[in-house]
Amino acid sequence: MNRSLPLSTTFDTLLLEGGSLRCAFTAGVLDALAAVNDRGFKRVYAVSAGAMAVTSFLSGQRKHFIDVATSVIANGQFIRFSSALSEEGIMNLAHLFDHVRHHHPLDLDAARDFAANKEVRFVTTDAETGAACFMDPTQGDWLRILWASATLPMVTRGRIKVAGRWMFDGGMSDALPLDAALDAGAQSLLVVRTRPTGMHIQQSWMDYFASVWHRENPAIAALYEHGHDHYNATVDRLATGGESGRRYLEIAPDAPLKSDGYRIQADSLWADYHHGLSKALDLVAAHSEFSKSDNKHNPTP
């Protein structure tokens, strides 16, 4: 009898890039995997909104991320340019998490139970040293760690205190935590991207301004000055498909996503979500066909 192998049998580690509402694509990928009961990854590393999307994946709440994202976009309270100089910034994460608590609660008990035998790490950045911190949400305040991982200075509230330390967006210190996952023992990684494979980024005007703003803290200023170089180097490594006996496979959008930026409509989120669904289901089907072909030469006893 031919049997297909789930992706989580071939790939021991799931690594998720952040990207704010671009993670509608990520949510589509994860919902596709959940729909075929492919959630057996031993290790999960997630950044920023990728951590939010994978929380729904771990809790078994399909469509949670996309429902929350479209709801907060529709009510007009999440992204407000008039709030750029306020404490909360352009993207109001306080409103987002308040909305989640009251209208789309996460089943964190289910997430903790499911993750009990997994290594789950969400990436944050130490606001004093600029170092990447790999937080275990199963052993701490899950929602607060999520909040810290997505708190981007000059875009959202600048920093959040977690376990006595001020932290902010993990994407600033390690947007693609490949080395951290490898150091933890990963051998084969399924990497969910929110930019096309091989796409480089440049220092933005906001990054330049932030590097000047933080000039009294060279460690933080350096993140804004050179973070894109580190990101681009990791992008190039991922595009090779593997190194030193380790394997990398990306699920990435075919073109820049519609939900990039700050002027986003619900139909753009849905388009990116469905693109993620399609890319993941195509990969699942291709992997199943490969498994069947391999089983013909190695039949199950």
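This is a predicted model: local features need pLDDT of at least 70, side-chain atom pairs count only at pLDDT 80 or more; totals for chains, interfaces and linings use all residues.

**Reading the model together**

User: Where does Ala 175 lie, and is Ala 175 buried or exposed?

Analyst: Ala 175 sits in the loop between helix 8 (171-174) and helix 9 (178-183). Buried means under 20% relative accessible area. Ala 175 has 15% relative accessibility, so this residue counts as buried. In space, Ala 175 and Thr 124 are 9.7 Å apart, C-alpha to C-alpha, while in sequence they are 51 residues apart.

User: How much of the whole protein is buried, and how many helices and strands are there?

Analyst: Buried residues make up 51% of the 301 residues. The protein has twelve helices and nine strands. Another overall figure concerns contacts with a separation of 6 or more: 75% of them are between residues 24 or more positions apart.

User: How do I read a nonpolar core, and which residues touch the most other members of the largest one?

Analyst: Think of a core as buried nonpolar residues joined through side-chain atoms within 4.5 Å. The largest nonpolar core here has 56 residues, and Leu 14, Val 54, Phe 122 and Leu 190 touch the most other members. Helix 2 (residues 23-35) supplies the largest share of this core, eight residues. There is also a second, separate core of 15 residues, which includes Ala 175, Ala 186, Leu 189 and Val 235.

User: What does Leu 14 contact, leaving aside its neighbours within four places in sequence?

Analyst: The contacts of Leu 14 include Leu 30, Phe 41, Val 54, Phe 57 and Leu 190. Arg 43 is also one of the residues in contact with Leu 14.

User: You mentioned helix 2. How do I check the span of helix 2, and which residues in helix 2 are buried?

Analyst: For the span, count 1.5 Å a residue: the 13 residues of helix 2 should span 18 Å, and the end C-alpha atoms are 18 Å apart, which agrees. As for burial, eleven of the 13 residues are buried, so helix 2 is largely enclosed by the rest of the structure. The buried residues are Cys 23, Ala 24, Phe 25, Thr 26, Ala 27, Gly 28, Val 29, Leu 30, Asp 31, Ala 32 and Leu 33. Helix 2 is followed by Asn 37, whose phi is positive, near 55°.

User: Now a strand, please. Which residues of strand 4 are on the covered face, and which on the uncovered one?

Analyst: The general idea is that side chains in a regular strand alternate between the two faces of the sheet. In strand 4 (residues 132-135), Cys 133 and Met 135 form the covered face, whereas Ala 132 and Phe 134 form the uncovered one.

User: How many bridges join strand 3 to strand 4?

Analyst: Four bridges join strand 3 (residues 119-126) to strand 4, and the two run antiparallel. Thr 125 stands opposite Ala 132 in strand 4. The hairpin has five residues between the strands, and Gly 130 there takes a positive phi near 80°.

User: How many aromatic pairs does the structure hold, and how do I read one?

Analyst: The structure holds three aromatic pairs. To read one, look at the distance between ring centres and the angle between planes; over 60 degrees counts as edge-to-face. The rings of Phe 122 and Trp 142 have centres 5.9 Å apart and planes at 75°, so this pair is edge-to-face. The pair links distant parts of the chain, with Phe 122 in strand 3 and Trp 142 in helix 7 (residues 142-150), 20 residues apart. Phe 122 is buried at 0% relative accessible area, and Trp 142 is buried at 1%.

User: And what about Trp 270 and Tyr 273?

Analyst: They form an edge-to-face pair as well, at 5.5 Å centre to centre and 90° between the planes. Trp 270 and Tyr 273 are three residues apart in helix 12 (residues 266-297), so about one helical turn separates them. Trp 270 counts as partly exposed at 26% relative accessibility, whereas Tyr 273 is buried at 4%.

Terms used:
Residues are numbered from 1 along each chain as its sequence is written. Side-chain values use heavy atoms; hydrogens and water are left out. Buried means under 20% relative accessible area, exposed over 50%, partly exposed in between (1.4 Å probe, protein chains only). Two strands pair if DSSP finds at least two bridges between them. Contact means heavy atoms within 4.5 Å. The expected span of a helix is 1.5 Å times one less than its number of residues. Rings of Phe, Tyr and Trp (its six-membered ring) pair if their centres lie within 6.5 Å; planes under 30 degrees apart count as stacked, over 60 as edge-to-face and the rest as tilted.
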